Amino acid sequence: MGQNVFAPWTDPAAEPLIRFQNVTKRFGSFVAIDDLTLDIYEQEFFALLGPSGCGKTTLMRMLAGFENASEGRIELAGQDIDGIPPNKRAVNMMFQSYALFPHLSVWDNIAFGLRRDRMAKAEIDARVDEMLKLTRLESFARRKPHQISGGQRQRVALARSLAKAPKLLLLDEPLGALDKKLRQETQFELMDIQEKTGTTFVIVTHDQEEAMTVASRVAVMDHGRIIQVATPEEIYEGPNSVYVADFIGDVNLIEGRATASGEDGYSIEWAAGQPPLSAQSKRPFTDAQRCHLAVRPEKVAISHDRPEADNAVEGRVLDIAYLGNISTYHVELPSGLVIKAQAANTRRIARRDITWEDTVWLSWSASAAVMLAD
Amino acid sequence: MTRLSWFNTVSLTLGFAFLYIPMIILIIYSFNESRLVTVWAGFSTKWYGELIRNEAMLDAAWVTLRVAVMSSTIATVLGTMAAYVLVREGRFFGRTLFSGMIYAPLVMPEVITGLSLLLLFIGLGLDRGILTIVLAHTTFSMCFVSVVVSSRLVTFDRSLEEAALDLGCSPFEAFRLVTLPIIAPAVISGWLLAFTLSLDDLVIASFTSGPSATTLPIKIFSAVRLGVSPEINALSTIMIAIVTVGVITASLVSKRNALRRQKDEQAAVQNA
């Protein structure tokens, strides 16, 4: 890693901005957050990712002050924030519905928080103008929220929550209401604004692509627990569990039994009558331990002839999903297992030489697969 | 525009005739020259002139107006507060009981409400007059306000209030600066409803009014018992006119707002 890489979580001396310590949140008998410990550092763009009901929104609402922890301690910049009401926290939130005040103009919406701070008139004017410029809304200042488009409303909501220069900005599914193309543009805009303002962003999303694009680190959550916290690359390339591998992107999971062979190497018995697969793992496995081999489809090569590779299996093409830039081949192995392989369509489709019902070879290297314990 | 079939034309005519013929007759006879209500003797506006000179009648009108303004204002404040707590504060102990109880006066026979208030005022030793009528009207119109306001609050996006808190408002500021302006139309219609209810209430007012204060409906009712005079017709016509103008204005304003909003939203989509 170079010296300029932003990675405070690798520095043991770094003080986290937010610190969750054994936090539990219960609603009646339902446990929304289950004994969770997490550090988030200044200037991070931190994504909470998980299916609906996994507790990510509850976690965010505890930071905003709308919910209090049932147990444990939440610190913001070293201070315990339990019981501090939302209006006394240096934290602002951008709501999923945007929650723009319909009776106020764009300008007044952005100025709303500044006015509550009894800021001088000239200062408010300057700050609002700065926010309008940052979000490219100068020409819409006098409009009411219902007089602007969805994308513009999203930017007003962002400008309003950034206006008070919070230590921490919370974004609850900020791009959920936008269509796909606008969402992608806006993701880069968000990253740009985050960099310019140097604010710490915590974003809640169920869209893994969005989390991967914008975040410096991603926390994958399930049932009120954090399953893995890592950079997008680590999460994708080195998931720590079947759940994470399956939740992030597309993955082939092959179940088998591991046997050590050489340093960090294992051979995996996966189907009767088939040669074992070889894989590498830094995590130790005992002999005959059950494991899952996770291989990303784009790391599986497809060919007519048997290739020279660490792992090669033969199968029959079941289905082809043509996505334009890439095609995904669904190949059924003799054991009945279906493996997905992806290939970039570098040639025009007319010259594609693999088609339905073809017998093909799938291959991947020993380092391409990740071994996961049960 | 489609032409109505003969059946639909007939049902429409019958329906509206049923609703409006009595009122039309009343309006026509208010311009009757004759003192006899049922005998037409030519057009005249003299009963309107008589009405203006009738001190007792004007006094009653003034009392009614004051009672209506005061009671509807107090009812609006109390009713809005009750609706806010019942809709917003979720499940507190006894919530179902309270929300049921606030609607009960809607179906309570007015005679009973009037009688119980009368007993209360006597028990308290309150002299019956404007104050007691205001209190009584507040009591029964408050639940109407609360129904109107809570139906608006149910559809109110809670995150708007949370956003206000998040941006530094105290809970009261959030209500004053965000919730109240947004639910204002419902609060205003609640006020208008309470105002109208108070304006035309006869039963409760007759229990709670005293010799020092008589409202217009009581005045009209007692006058009619001595025989319908064309003056009463004139007075009723004026009341109908006021109500009509009010209703038409309110619907025009809301229609214009709706149209403007629709146009704005179309423009926003096109500019996007």
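## A buried strand

Strand β9 of chain A, residues 217–222, has six of its six residues buried, so the rest of the structure largely encloses it. This comes from a predicted model. A residue is called buried here if 20 or more other C-beta atoms lie within 10 Å of its own.

Which way do the residues of β9(A) point? A:Arg217, A:Ala219 and A:Met221 point one way. A:Val218, A:Val220 and A:Asp222 point the other way. All are buried.

## Partners of β9

Strands of a sheet pair through backbone hydrogen bonds, either parallel or antiparallel. Strand β3 of chain A, residues 45–49, runs parallel to β9(A), and four bridges join them. A:Leu49 has A:Val220 of β9(A) as its bridge partner.

Strand β10 of chain A, residues 225–230, pairs with β9(A) in the antiparallel sense. Five bridges link β9(A) and β10(A). A:Val218 stands opposite A:Ala230 in β10(A).

β9(A) and β10(A) form a hairpin with two residues between the strands. In this hairpin, A:His223 takes a positive phi near 50°.

## A four-stranded sheet

Chain A also has an open sheet of four strands. The order is β2-β1-β4-β5, and the pairing is antiparallel. Why do β2 and β5 have one side without a neighbour in the sheet? β2 (30–40) and β5 (79–80) of chain A stand at the edges, each with a single partner strand, so one side of each is left without a neighbour.

Now take one pair from this sheet. Strand β1 of chain A, residues 18–27, runs antiparallel to β2(A). Seven bridges join β1(A) and β2(A). A:Phe27 stands opposite A:Phe30 in β2(A).

Key: Residues are numbered from 1 along each chain as its sequence is written. Chains are lettered from A and ligands numbered from 1 in the order in which they are written. This is a predicted model: local features need pLDDT of at least 70, side-chain atom pairs count only at pLDDT 80 or more; totals for chains, interfaces and linings use all residues. Two strands pair if DSSP finds at least two bridges between them. A residue is buried if 20 or more other C-beta atoms lie within 10 Å of its own, exposed if 12 or fewer, and partly exposed in between; C-beta atoms are placed from the backbone.
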